Amino acid sequence: MQIRCLVAYLYGMLSFSSFADQVKQHANGANVLHLNPNRIEEFKFALPPEELRNQYARFCSNIYQQCDVLVRKNATLRRTRDLLLPKLISGELDVENLETNTGDIAA
C-alpha cells in the first residue's frame with residue numbers, strides 16, 4: 001500500500017501543481033522539448049505524513065484510474081471521428097437510413 005500511496009500522491013502533485021510550469025521554463029529544443037533530469041530533482045514539494053498520503057490514495061486512486069480510462073476512450077473517439085468524417089463529407093458513407101439509438105441523450 002505504501003508504494004501505491006506514494007505513486008498516487010506524486011501523480012497528483014506532478015499533475016496539478018506548478019511543476020509543469022516550472023519545468024517548462026528550463027526545457028529547451030525547437031520541435032521536442034528536452035529537460036535536464038537535474039532540473040526535476042530541483043523541484044521542491046511537501047511530502048505529507050504517510051497516513052495522509054494513504055487517505056489521499058484511497059480517495060484519488062480510483063478517480064485517476066477513471067480519468068486514464070476516459071482519456072483513452074476520448075483518443076479512440078477522436079481517431080474514429082477523423083476516419084469517418086471525410087467519408088461522411090465526401091458521401092462515400094451514406095447514413096441517411098441509419099437507425100440510431102441515442103439512449104437518454106437530451107437534445
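Trainee: What does Arg58 count as, going by its relative accessibility?
Mentor: Arg58 counts as partly exposed, at 47%. Partly exposed falls between buried (under 20% relative accessible area) and exposed (over 50%), using a 1.4 Å probe and protein chains only. This is a predicted model, where local features need pLDDT of at least 70, side-chain atom pairs count only at pLDDT 80 or more, and totals for chains, interfaces and linings use all residues. Residues are numbered from 1 along each chain as its sequence is written, and side-chain values use heavy atoms, leaving out hydrogens and water.
Trainee: Thanks! Which side chain meets Arg58 in a salt bridge?
Mentor: That's Glu51, at 3.4 Å from N to O. A salt bridge needs a side-chain nitrogen of Lys or Arg within 4 Å of a carboxyl oxygen of Asp or Glu. Glu51 is partly exposed too, at 45%.
Trainee: How many salt bridges does the structure hold?
Mentor: Three. In one of them, Asp82 pairs with Arg81, their closest N and O atoms being 2.9 Å apart. Asp82 is partly exposed at 45% relative accessibility, and Arg81 is partly exposed with 45% as well.
Trainee: And what does Glu92 form a salt bridge with?
Mentor: Lys87 is the partner, with 3.9 Å between the closest N and O atoms. Glu92 counts as exposed, at 58%, while Lys87 is partly exposed, at 34%.
Trainee: New topic: is Ile89 buried or exposed?
Mentor: Ile89 is exposed, its relative accessible area being 67%.
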